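Trainee: I would like to learn how to read a fold from its strands and its rings. Could we go through one model together, step by step?

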Amino acid sequence: RFNSDHHSVATTDYPWLYTSGLTGPLSFAAHLSKGKTARYDVTLHFMEPEHAASGRRVFDVKVQGKTVASRLDIAAAAGGMNRVLVKSWRGIAAAGTMTIELVPVEGAAPVLCSLEILER
């Protein structure tokens, strides 16, 4: 957890979104308002909060059981620590529940700062 007034977060106009988050093997089940199948856009917001160099926190992202990002490395993809990385996937079909998993592959546990699920 960081204070965005005292801790620089590069490449965003919304630093408070990235000053805290969850770590560990993460699994979310979001209960959706519609019981029938609909399409959703899923956006995950990341920032490497520790001094983990590229290759030190690598994980897979699964949405609805399908791997949508393999071997995601926040530090490498964002260009270093305290830099924002936003990943989005559009048109994900779901009925009732949307599942999102961050599965450790190598090094430190996955970290997630924020997530959005929007119906199309």
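Trainee: How many of the 10 residues of β3 are buried?

Mentor: Please keep in mind throughout that this is a predicted model. In β3, nine of the 10 residues are buried, and the strand is thus described as mostly covered. For the chain as a whole, buried residues make up 40% of its 120 residues.

Trainee: Which elements does the chain contain, and what pattern do they follow along the sequence?

Mentor: The chain has one helix and nine strands, and, read along the sequence, they follow the pattern β-β-β-β-β-α-β-β-β-β. To see how the parts of the chain come together, consider the contacts with a separation of 6 or more: residues 24 or more positions apart account for 75% of them.

Trainee: What is the order of the strands in the open sheet of three strands?

Mentor: The general idea to hold on to is that in a regular strand the side chains alternate between the two faces of the sheet. Here the order is β6-β3-β9, and the pairing is antiparallel. The edge strands, β6 (84-94) and β9 (114-119), each pair on one side only, while the twist from one strand to the next averages 15°.

Trainee: How many bridges join β3 to β6, and how many join β3 to β9?

Mentor: β3 and β6 pair in the antiparallel sense over nine bridges, and six bridges join β3 to β9, which also run antiparallel. On the β6 side, V42 stands opposite W89; on the β9 side, Y40 stands opposite E119, and H45 stands opposite S114.

Trainee: How many aromatic pairs does the structure hold, and how should I describe what I find?

Mentor: A pair of aromatic rings is described by the distance of the centres and the angle of the planes. This structure holds one aromatic pair.

Trainee: Where in the chain do F46 and F59 lie, and is F46 buried or exposed?

Mentor: F46 belongs to strand β3 (residues 38-47) and F59 to strand β4 (residues 57-63), so that the pair, whose members are 13 residues apart, links distant parts of the chain. F46 has a relative accessible area of 0% and is therefore buried, and F59, at 0% relative accessibility, counts as buried too.

Key. Residues are numbered from 1 along each chain as its sequence is written. This is a predicted model: local features need pLDDT of at least 70, side-chain atom pairs count only at pLDDT 80 or more; totals for chains, interfaces and linings use all residues. Side-chain values use heavy atoms; hydrogens and water are left out. Rings of Phe, Tyr and Trp (its six-membered ring) pair if their centres lie within 6.5 Å; planes under 30 degrees apart count as stacked, over 60 as edge-to-face and the rest as tilted. Helices (H or I, at least four residues) and strands (E, at least two) are DSSP runs, numbered from the N terminus. Buried means under 20% relative accessible area, exposed over 50%, partly exposed in between (1.4 Å probe, protein chains only). Two strands pair if DSSP finds at least two bridges between them. Axes are lines fitted to C-alpha atoms, for helices over the stretch in contact, and angles run from 0 to 180 degrees between N-to-C directions. Contact means heavy atoms within 4.5 Å.
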